[in-house]
Structures are given as structure tokens and as C-alpha cells.
There are 2 protein chains.
Amino acid sequence: MTDLEPMVILLVDDDLDVLGANARFLRANDFFVLVAESAGTALGKLTTDNIDLIVTDLRMPDCSGLEFAAKARESRPLIPIIFFSGYAQIPDVVAAMKLGAVEFLEKPIDPDQLLSVIRKVGKPKYSPAATQRDAFESLDHSSPLKMRVLAYEKFLIESCLVQHAGDVTRVLETLQINRRTLNDKMFRLGISREVLLSENQNPDDMPR
Amino acid sequence: MTDLEPMVILLVDDDLDVLGANARFLRANDFFVLVAESAGTALGKLTTDNIDLIVTDLRMPDCSGLEFAAKARESRPLIPIIFFSGYAQIPDVVAAMKLGAVEFLEKPIDPDQLLSVIRKVGKPKYSPAATQRDAFESLDHSSPLKMRVLAYEKFLIESCLVQHAGDVTRVLETLQINRRTLNDKMFRLGISREVLLSENQNPDDMPR
DNA sequence: GGTCGACCGGCAGAAAACTGCTTATCGATC
DNA sequence: GATCGATAAGCAGTTTTCTGCCGGTCGACC
């Protein structure tokens with residue numbers, strides 16, 4: 001999936017050497033990498049560029065990675081964020097995870113680990129804001145509980161599928177669910193990989 | 001809220017001195033405290049008693065706090081868990097938070113901090129209009145499917161209960177669900193009619 | 001005190017969901 | 001053409017959930 005449309009990663013670190021090294025490494029692995037050496041510039045790029053994932057140091061001079069993440073979430077509420085830091089204190093880690101961090105890595109970064117984490121996150125093509133609610137809240141308020149729960153489950157699975165470009169294996173990991181179970185659920189809920197993909201991919205992939 | 005029906009806290013620690021001290025401290029602050037010195041006994045109490053919150057050490061002889069938490073979640077999927085530990089490693093903290101821990105405290109525990117964290121957890125305010133979403137959307141984007149679905153189910157049931165002023169029979173009709181099933185679900189999801197009502201009704205309805 | 005209605009929870013059979021094993025298909029690669 | 005990886009689905013055993021039946025508690029009312 002990354003070949004056609006590489007994931008856009010925003011890499012934030014005030015240590016220019018580390019920043020450069022990591023950027024090179026990620027680019028060598030076919031990611032499209034934007035770099036920022038401060039939270040300020042990072043926030044700027046976040047609004048101008050279509051970024052899929054943030055990888056940021058926790059400690060930076062102008063403002064902490066936590067503040068940066070909080071601000072980033074204002075414009076991109078569900079964007080995945082990966083933190084890394086040396087000398088991290090437990091409370092920092094806790095705060096970062098509470099902010100919804102995908103992962104917290106310790107410096108020095110193990111490139112393979114970083115890579116596997118990024119791959120796991122995948123590329124969220126799904127525009128979260130738009131359809132989030134409609135999908136399942138369209139149901140009547142008096143609908144049976146089971147219906148409403150199933151609708152929500154369907155919505156979650158569909159989001160996850162679209163996010164991972166139809167890669168079922170990745171969805172299994174993300175949702176922590178058995179392959180067989182997912183198959184059953186998709187059948188029961190009437191979810192079709194093909195339909196989902198054809199509906200979401202085409203904006204960029206289909207020229208006309 | 002804690003006056004009428006104190007929160008039931010399950011405190012787990014293999015260090016009996018610390019366990020006793022913390023239990024005394026919490027009891028002095030009007031909580032109802034159950035103690036367990038091992039994961040095994042804790043799991044037992046979890047199924048027999050109606051526990052609102054787990055506070056557990058991360059390191060224990062019979063099995064790690066993480067394993068314990070995972071098992072605890074099997075019978076009480078959404079119960080809040082607070083971890084504490086000395087010498088915690090970052091990956092442990094990350095794993096704990098991914099498991100949905102509410103907080104991760106470092107040993108030695110600061111009583112005031114513990115108290116404030118518990119108080120914060122203990123107020124699952126359901127002002128029906130405002131915080132409706134947070135209840136289930138606060139879950140991590142990578143949380144297992146089952147947990148997110150359950151959180152939504154919990155939210156639906158609680159909303160419905162509040163809406164009908166705690167009238168279970170009406171809720172049964174609305175949600176089209178068996179009485180026995182609703183009972184089970186409420187226990188599993190940690191829903192309490194009393195707490196819900198006392199938190200929502202009083203602003204207007206309580207005359208004195 | 002007796003009765004009624006609403007609620008809770010134990011128990012056990014029925015129903016549904018989950019999951020490992022297996023086979024089959026399809027596309028990509030060798 | 002052979003092979004491999006990913007997906008889908010049949011089947012069966014296991015686990016979980018649902019639900020009807022029952023008895024028990026509590027407060028309101030007669």
C-alpha cells in the first residue's frame with residue numbers, strides 16, 4: 001500500500017543530528033517524511049500538509065512534546081502520535097499515553113522497532129470527523145440495544161478496515177480479534193472489503 | 001456522593017505492610033476497601049464482590065500485575081484499574097496504559113495523590129447532554145474492539161437509565177432486552193442505578 | 001401483619017459467539 | 001507451472017451470553 005501513496009510522517013526533534021538520521025532512515029523505507037525542529041514549526045506543517053502520523057520527541061525547548069501533542073490534537077483529533085524520549089519520567093509516559101499516544105519509545109531509538117510501530121499504525125485514510133457519528137447514530141433512539149451496539153461495531157470495523165487500506169491482517173492486530181471472528185462479523189454485518197476500498201481509495205487513485 | 005454509598009476499592013499488594021497502611025488510609029477517607037495479597041485471591045473477590053475500582057501493584061509473586069489486570073478485565077471489562085510500582089520500566093508503563101489503566105503511580109505512594117486520583121475516577125458523571133461522548137470515545141484508538149463496543153453498550157444503558165429516572169422496567173421496553181440480561185450486563189459493566197440517579201437527579205429534584 | 005409490585009440474583013438449559021483446523025481461491029512471485 | 005501469502009468459508013468443539021423459572025428482599029399500601 002505504501003508504494004502508491006506513501007505515508008506522510010511528521011518527525012519532530014530539536015536535536016538536528018538525530019532528526020536527520022531518523023528522517024533518512026524512514027525515507028529509505030519509503031515513507032514521505034516531513035521534519036520540524038520545534039513544536040512551533042511542526043504545528044504549522046500540521047495545518048498545511050496532509051500528515052498521517054506524528055513522531056515526536058517528548059522534550060523540546062519551546063514547549064514540551066505533551067503540549068505540542070495536545071495542540072496537534074486540536075486540529076487533527078485522531079492523528080496517531082508516537083513519542084520517544086531519553087530519561088523519560090513515569091508521569092510523562094502516563095500523560096503521553098493518556099493523550100492517546102500509540103507508543104512510547106526510549107532513546108536511543110531502535111530503528112527496527114520504530115519501523116514496526118509505524119507499520120502497525122498504517123495509513124489512516126479515513127476522514128474521522130465526517131462519518132464518525134452518522135454511521136451508527138442514525139439509528140432511532142428507540143432501536144433495540146442490540147441493533148445499536150451492532151451498528152457501532154460495524155462502524156468500528158469499517159473505519160479500521162479503511163484506515164488500513166483493507167489489510168485484514170493489520171485490522172486483526174489493531175482490534176485484537178480472531179481472524180475467523182472478524183470474517184463472521186463482516187458477513188453478519190454486511191461489510192465488504194471491496195466496496196469499502198472502492199469507495200474510499202478512488203479520490204486519489206482514480207484519475208477520471 | 002461517597003457518603004451514602006462508599007466506593008468499593010480492591011487493593012492488591014503482596015507487601016502486607018504497605019497493603020495494610022494503604023487500606024487504613026483509604027478507609028479513613030470513607031472508602032470501602034477490600035484487600036488481597038495475591039492476584040489469585042483478588043480475582044476471586046472480583047467475581048463475588050461488587051467492586052468499583054482496582055488499585056494494584058505491578059509486581060507480585062504469583063503473577064504480574066499486567067496479567068492480573070488482563071484476567072480481571074475478563075469478568076469486569078471496563079473496571080478502572082490504577083497501577084503502582086517502584087522501579088517501573090517504561091515498557092511496563094506503556095503496556096499498563098494500553099491495557100486501559102487509569103493511572104500509574106510510583107512507589108512510595110503519595111497518599112494525597114492516590115486520593116485525588118481515586119476521587120477523580122469515582123465520579124463518572126453522566127450529565128446527560130454534555131459528556132455523553134467521552135464515556136466511550138475516550139477509549140484509545142487502538143483499544144480492542146470488544147472493549148470499545150462494551151464501552152458503547154455501557155454508555156447506551158446508562159443513558160437510557162438516566163433518561164427513565166432509573167425505572168428498569170421502562171428501560172427493558174426501550175432497549176428491548178431481557179430483564180435478566182440487563183441485570184447481568186449492569187453487573188459486568190459496573191453500572192449502578194443508585195449512583196447514576198444520585199448524580200443526576202439531585203441538582204433539581206432534591207428539595208432540601 | 002398481609003399483599004402487591006419492582007428489583008435482584010442463583011441456577012440450568014438453550015442459543016449465539018468464538019476459535020482452531022482444514023480446504024479452496026486468487027494474485028504475485030519464482 | 002509451482003509456490004507462497006493473504007483471504008474466505010465449512011465444520012466442530014469450546015466458551016460465553018441469553019433467558020425462563022424460581023425464590024428472596026424491600027418499600028408502599030391496604
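## A residue in chain A

Does Phe83(A) count as buried or exposed? At 1% relative accessibility, Phe83(A) counts as buried, where buried means under 20% relative accessible area, exposed over 50%, and partly exposed in between (1.4 Å probe, protein chains only).

This is a predicted model, in which local features need pLDDT of at least 70 and side-chain atom pairs count only at pLDDT 80 or more, while totals for chains, interfaces and linings use all residues. Residues are numbered from 1 along each chain as its sequence is written, chains are lettered from A and ligands numbered from 1 in the order in which they are written, and side-chain values use heavy atoms, with hydrogens and water left out.

Phe83(A) sits in strand β4 (residues 81-85) of chain A; helices (H or I, at least four residues) and strands (E, at least two) are DSSP runs, numbered from the N terminus. Leaving aside neighbours within four places in sequence, the residues in contact with Phe83(A) include Thr56(A), Leu58(A), Leu66(A), Ala96(A) and Phe104(A), contact meaning heavy atoms within 4.5 Å. Between Phe83(A) and Arg59(A) there are 24 residues in sequence and 9.8 Å in space, C-alpha to C-alpha.

## Chain A as a whole

Chain A has ten helices and five strands. Of its 208 residues, 49% are buried. Among contacts in chain A between residues at least 6 apart in sequence, 64% join residues at least 24 apart.

## Cysteines

Over all chains, a search of the whole structure finds zero disulfides, a disulfide being a pair of cysteine sulfur atoms within 2.5 Å. Cys160(A) is buried, with a relative accessible area of 5%, and Cys160(B) is buried at 4%.

## The surface near DNA strand C

There are 13 residues around DNA strand C, and among those that come nearest are Asn178(A), Val168(B) and Thr169(B); a residue is near a strand if one of its heavy atoms lies within 4 Å of it. By class, this surface has one nonpolar, four polar and eight charged residues. Here Ala, Val, Leu, Ile, Met, Phe, Trp, Tyr, Cys and Pro count as nonpolar, Asp, Glu, Lys and Arg as charged, and the others, Gly among them, as polar.

A polar side-chain atom of Arg179(B) lies 2.5 Å from a phosphate oxygen of DNA strand C. The largest share of the surface near DNA strand C, five residues, comes from α9(A).

Notes. Polar contact = N/O pair within 3.5 Å; in protein donor to acceptor, adjacent residues only side chain to side chain.
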